[in-house]
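Please look through the model below before reading my comments, and keep it open beside them.

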Amino acid sequence: MASRLALSRHSAAALRSLTRPAAPRLARAYATAGVGDSSNLSASTESRIKRDAELPNPDPAADSPSAALVADHAPYMVATYARPPPVFVKGAGSWLWDVDNRKYLDFTAGIAVTALGHCDPEFTELLTQQAQTLIHASNLYYNPWTGALSKLLVEKTRESGGMHDVAKVFVCNSGSEANEAALKFARKVGKVIDPSGAKTEVVSFNNAFHGRTMGALSATHNPKYQQPFAPMVPGFKQGTYNDVAGIDALVTDKTCAVIVEPIQGEGGVQTASQDFLVALAKRARQVGAVLIYDEIQCGLGRTGQLWAHGHLPKEAHPDILSTAKALGNGFPVGAVLVNDGVAEKIAVGDHGTTFGGNPLACRLAHYMVTKLSDPALQADVRAKSELFRAGLAKIRERFPDLVKEVRGKGLILGLQMTEDPSPVIKAARERGLLVITAGTNTLRFVPSLKISEEEIGIGLGILEAAIAATRK
């Protein structure tokens, strides 16, 4: 109850800050434009100035330092992203600042990456220390941190109640690389089990997102991502997420791997049912297929436990578990955890990586695993989740024609809307809040796991004001 009252209080405070008188800001805006009043301005310029003056964080204008920087750099960058105008230069905790010194509350955490917040002080200190000691020596030699990270991942995973038979770890550089390794390992297992070469099919599911490299992309059955790069790697089949009845026909003796996200992040924050995952695991074992859980976005404390599958019975635990994102808090690193049934079939030379397992990345990841496996932090995530969900439920009550459902677990949450949320995202950004989408018409919330109750209240207050502004 106290948390809900705090949410209401901070939401109200945020709303009051958004409705303060615009006159002083209009005066400043006119002064910046070089005029004493609006009489010498064109109608469009006056309209823009008034609009910007009424917003705490209007998107940077065409003549801003942000726009100048983008104009200077964009011609040299491959245009694979459609980015909004702000250029971020500084971060601290749950906050970001752009080059125009606008301050934003970050509900995205770099897409579930900065789990401990931006520029965590201890993380930064370790990065500096290790960068002054040893960054890279290649996988031709041992270093202290690759093994230490692998050991810690195995120990903490066992302690957490997840993947009870985890045995070994392969360290790489990203989530896509982790899934590529997982798929390669599974194909190798299939070759060993069936030397005829018939056991090569990989099963994944609708709305899944496993990465953009060719193997991971082939398991991501989304025409938007696949068609420009077709044909895909052969042997990939699509099933229906949470369809228990279809599992037996989908997973056969030809299946070498089943890859699934316990919670689909990019797919709209959809959660796999326990019945589905238990049945999927049972069928995979019946036919000798490797079960892969992709917890790149939903793992490492985001659901309020170390791994999103940690609540499942042992018979539903994976043979391979892929992770990245929060593992490095922004530094590139990924990992693949495997049981002995997989590890014993992987030989020297079967896979490799130039940068994966470097001592800098592994020392930082070791710190992250230590912090994110703390039961106190996980309990805090669960408590903040309830606060978040209560606030989102209030927003749903206020806008029932627009908001249909709150989904997710811990601090990976989705707000299902009835229309494109892009106007809400822009309105929120211009009021100082960063949110992102997922799936179809879904707002996604994946903030730092250390976000405060006050910040949750402020952010939800801004979100409610942003939605209200788009409904006028």
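Predicted model: local features only at pLDDT ≥ 70, side-chain atom pairs only at ≥ 80, totals over all residues.

1. Residues are numbered from 1 along each chain as its sequence is written, and side-chain values use heavy atoms, with hydrogens and water left out.

2. The secondary structure of the protein comes to 17 helices and 17 strands, where helices (H or I, at least four residues) and strands (E, at least two) are DSSP runs numbered from the N terminus. Of the 472 residues, 52% are buried, a word that here means under 20% relative accessible area, with exposed meaning over 50% and partly exposed lying in between (1.4 Å probe, protein chains only). Among contacts (heavy atoms within 4.5 Å) between residues at least 6 apart in sequence, 73% join residues at least 24 apart.

3. The largest nonpolar core has 85 residues, and those with the most contacts inside it are L392, F445 and L463; such a core is a set of buried Ala, Val, Leu, Ile, Met, Phe, Trp, Tyr and Cys residues joined through side-chain atoms within 4.5 Å. Helix 14 (residues 359–372) gives the most to this core, namely nine residues. At least three residues of the core come from each of domain 1 (88–119 + 377–470) and domain 2 (122–373), with bounds taken from an automatic or database domain assignment. Apart from this core lies another, of 22 residues, including F170, V189, F236 and V338.

4. Which residues does L463 touch, not counting residues up to four places away in sequence? They are L392, I395, V424, L433, L443 and F445. V424 belongs to helix 16 (residues 422–429), where V424, I425, A427, A428 and R429 are buried. What covers these buried residues includes strand 3 (103–106), strand 14 (412–417) and helix 17 (453–471).

5. Leaving aside residues up to four places away in sequence, S218 touches Q226, M232, V233 and F236.

6. G197 lies in the loop between helix 8 (175–193) and strand 5 (201–205), and this residue counts as partly exposed because its relative accessible area is 26%. G197 and K254 are 57 residues apart along the chain, yet their C-alpha atoms are separated by 9.1 Å.

7. The second largest pocket has a volume of about 700 Å³, and of the 23 residues that line this pocket, the closest to its centre are T146, S150, V169, F170 and V171. Strand 4 (166–172) and helix 7 (144–160) are the elements that give two or more residues to the lining, with strand 4 giving the largest share, five residues. On a 1 Å grid over the protein atoms alone, a pocket is an open set of points with protein on both sides within 12 Å along at least five of seven lines, a cavity is a set where a 1.4 Å probe fits but cannot get out, and lining residues have an atom within 4 Å of a point.

Definitions and conventions: Points joined across faces, edges and corners; volume = space filled by probe spheres on them.
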